Every structure is written in structure tokens, then in C-alpha cells.
Amino acid sequence: LRVSSPHHGMLILAPYADDELLESWHEARTWLLFLGLTTLGACAATFVVVGRSLRPLAALDAALKRIQGGALAARLRGPAVPEIARLNLRFNDMAASLHQTTDENRRLTRALAEAQTRERQWLARELHDEMSPKLFKIRVDLHGATTQLGADGVGGSALARLDSARQLVVHLQQWVRRLLRDLYPLVLDELGLAAAARELVED
């Protein structure tokens, strides 16, 4: 700027680039710090909100593991967003149905086992009360007939046939005993479980 006469010289206005750059850097740093803090806060808030929203899914996963482990009484309770609340409701319905079905299967299995036991008891008693005495009677009669024919001097061919029939009866008696033991050890009713177990171990 030239100063009018009387001439005293010249006024020069010049910018200092260092000051301008420093001022711009301070301003930019302030904005960057603000932006970083804002982003960090938004991330933290998102993490908290999403984590809280996903907490019911973690509970659902834990309940599924309990169901898998056999704890069929596991249920989901507590607040949740509507979508997850519907999932919880379906899970509770499924768990209740599975629990009821498992109980019904156990009841039917017990009933089937009891029916099989009754049938085995009935068959064992029939064999014991009907077949065993009749086989014993046949064996005694064959022995008596063999003894009588031998005393009367009857030929050896008839005696051999009678002895063969007697051996067959002995074999049938042994088979009936094995069948009775396999079907239903009658000693269970007569002497109890411990005696029956001892007899089976000895056999």
C-alpha cells in the first residue's frame, strides 16, 4: 500500500503460511477428534443394543443344548423382541410336546415290558404245571415198562426202543427246564431277585 505524499514509504501486508497451516491443522484435528469420539460412541451403543437384542438368542441356544442333554423340562421366559418372542413360544411348545411324547413312550415301553413279562409268566407256568409232570409220568412209565419187559424176558429190540424213548423224554425234560429258565425264572417269584441272579450265574 503506497502512502500518499508526503511520501513516508510503503505498507506491505503479507500472510504467514505457517500460521495458516497451523490454524487449519488445529481445526481439522478438533473435527477429527470429534468425529472419532462420535464414531466410537456409536459403535459402543450399537454393540450394547445388538448384544442386548441377541441375548434371547443365546438363551435359546442354551435351552436347545439342555434339551439335547435330556432336560426336557427346559423352557424360555423373559422379555424379548416380538420376532424372538415368537421363536421362544414355538420352542416352549416344541419342548412341551417332546416332553409329553417321551413320557408317553416311556409309559408304553413299561406297559409292553409288563405285558411281555405276564406272557412269559403264563407260558412258564403252563410248561411247569402241564408239560413237566406229563413228561415225568411218561419217563416213569417207560422205566416201569422196560423193567417189566426185562423181567419177562422180552427181546432186546423192544427194550432198546423203550430206552431210546426214555432218553428222548429225558432230553425233552432238560429242554423244558432250559426254556423255563430263559422264559421266566420261576425262582424270581419263589425266592426273589438275589437268589435268581445267583442261580443264573451258577448256570
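A residue is termed buried when its relative accessible area is under 20%, exposed when over 50%, and partly exposed in between, with a 1.4 Å probe and protein chains only. By this criterion, 15% of the 203 residues of the chain count as buried. The structure is a predicted model, in which local features need pLDDT of at least 70 and side-chain atom pairs count only at pLDDT 80 or more, while totals for chains, interfaces and linings use all residues. Residues are numbered from 1 along each chain as its sequence is written, and side-chain values use heavy atoms, with hydrogens and water left out.

The chain contains five helices and zero strands, where helices (H or I, at least four residues) and strands (E, at least two) are DSSP runs numbered from the N terminus. The radius of gyration, taken over C-alpha atoms, is 50 Å, well over the 17 Å that the globule rule gives for 203 residues, so the chain is more spread out than a compact globule. That rule is 2.2 Å times the number of residues to the power 0.38. The C-alpha trace spans about 185 × 35 × 25 Å along its principal axes.

Contacts are defined by heavy atoms within 4.5 Å. Among those between residues at least 6 apart in sequence, 57% join residues at least 24 apart.

Gln173 counts as buried because its relative accessibility is 7%. Apart from neighbours within four places in sequence, Gln173 is in contact with Leu135, Phe136 and Arg139.
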